[in-house]
Amino acid sequence: MAVQWILICHGLLTMLVTISFLCGQWPIFQGTPIERLHYFLTFGAYDYFLRFVGTVFGNKGTSVIECIEQFCCDRPNPILQIIYLAILGGTYYFVAKSSFSYIPGYYLSDVHIYTSVLAVGVGVLLFLLTSFSDPGTVKAENVSDFLSAYPYDNIIYKEKECSTCKIPKPARSKHCSICDRCVARFDHHCGWMNNCIGERNTRYFLAFLLWMTCSFVLSTYYGVENLSWFSSPYCMWWLLGSYNTQILLMVFLAIVSLLLVGFFGYHAHLCLTNTTTNETFKWQDYTSLQKKMNEARTSAAAPKASMSGLSRETKPPESKSKAFCRRSPIENAAFSMKNQYDKGLFSNVYEVIFPLSTRPSFVQRKPKSR
Ligand SMILES: [Zn+2]
Ligand SMILES: [Zn+2]
């Protein structure tokens, strides 16, 4: 088979696996082979592997694998951090080895060798800053700062104590089971960073994502432009055969760029609306619970309605405002579905850059002892 066909198949397969693995659970892929492939890659393959080990090595083999799984996924560890740095270093090495000899090229000047060092260097620095900075660990000494920063909305956050840390649980915080600590304005636990993303390091995480997205998009753009002077289809075919390493890198860069644009876009949206990934799930759970309760209420009310229908007493339809008044205060708040922490675009961004709990006004205004 010609090298061109191998490259095309490789590019398509990489794209299919990457998209299925990272985006297969998205609603647009529901019921498609991509969703099934996502399930296979994330759960199915591991399940088959575990069964295979169980058949060959018995229960001892299965428990060894489960111990490894627990160490890798349920405890803080640097495995993914090392993998990430290895991927970044490896990609940079291949780019330098295969493509630096073409700089300066038709469209690229010398400066791109230095900007590539800057792109990787700043990326690594932001990665380390996010990985090793405090996400906003809630402790007995500082819990009052976090309690003052965010009021309870009494919908998804109610006043309570963390059953593990035995301290009050501030609104917007969550106990991370992997790190075993409560984290303020908890977004998610990032395995790649081996750290939680919370109130005090969301800014570094966003800066890292923005930097990586820009670097990858620009690298793809310049790489494609430098190769695009072969514009006719015949030359493209020849190009595929002659510059296969560069083409392979371009495919890889283009796929990662697309994923980074999506991921950064999602987190930028969260930042602009002053929401967290954790809160997105909490609101989803809350709305689906409300929906179920409403359905149950409607089905319970149906026999009554038919009874009143028999007595031929027709009531005028209930106005929207009346229906609003009949709901409990909690339901009303959820009905209007207003995120109480959203203070407008600029304030939201400012809050991520300068976290509330670190501002003197909040640190000084401590609530009375509980
Ligand atoms: Zn806790
Ligand atoms: Zn964590």
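Begin with the open sheet of 3 strands, whose order is β1-β5-β4 with antiparallel pairing. Its edge strands are β1 (137–138) and β4 (174–176), each of which pairs on one side only. Strands are DSSP runs of E with at least two residues, helices are runs of H or I with at least four, and both are numbered from the N terminus. Two strands count as paired if DSSP finds at least two bridges between them. In general, strands of a sheet pair through backbone hydrogen bonds, either parallel or antiparallel.

Before moving on, note that this is a predicted model, in which local features need pLDDT of at least 70 and side-chain atom pairs count only at pLDDT 80 or more, while totals for chains, interfaces and linings use all residues. Residues are numbered from 1 along each chain as its sequence is written, and chains are lettered from A and ligands numbered from 1 in the order in which they are written.

Next, select β1 together with β5 (residues 181–183): 2 bridges join these antiparallel strands. Within this pair, T137 has V183 of β5 as its bridge partner.

A residue is buried if 20 or more other C-beta atoms lie within 10 Å of its own, exposed if 12 or fewer, and partly exposed in between, with C-beta atoms placed from the backbone.

Now centre the view on C196. Which residues does C196 touch, not counting those up to four places away in sequence? They are P135, C176, C179, V183, F186 and H189. Contact here requires C-beta atoms, placed from the backbone, to lie within 7 Å.

Two loops deserve a visit. K166, in the loop between β2 (160–161) and β3 (168–169), has a phi near 55 degrees, a positive value in a residue other than glycine. N194, in the loop between β6 (188–190) and β7, likewise has a positive phi, near 55 degrees, and is not glycine. Is each residue buried or exposed? K166 is exposed, with 8 other C-beta atoms within 10 Å, whereas N194 is buried, with 20.

Select H112, S116, F127 and T130, the buried residues of α4. They lie on the same side of α4 because they cover an arc of only 70 degrees around the axis, taken from the directions from the helix axis to the C-beta atoms. On the other side, V111, Y114, V117, L118 and G121 are exposed.

Finally, an unreviewed UniProt entry lists several stretches as "transmembrane region", including residues 111–129 and 204–223; such annotations may be inferred rather than shown by experiment. Residues 111–129 are 100% helix, with end C-alpha atoms 27 Å apart. Residues 204–223 are also 100% helix, and their end C-alpha atoms lie 28 Å apart.

Key: Contact = placed C-beta atoms within 7 Å.
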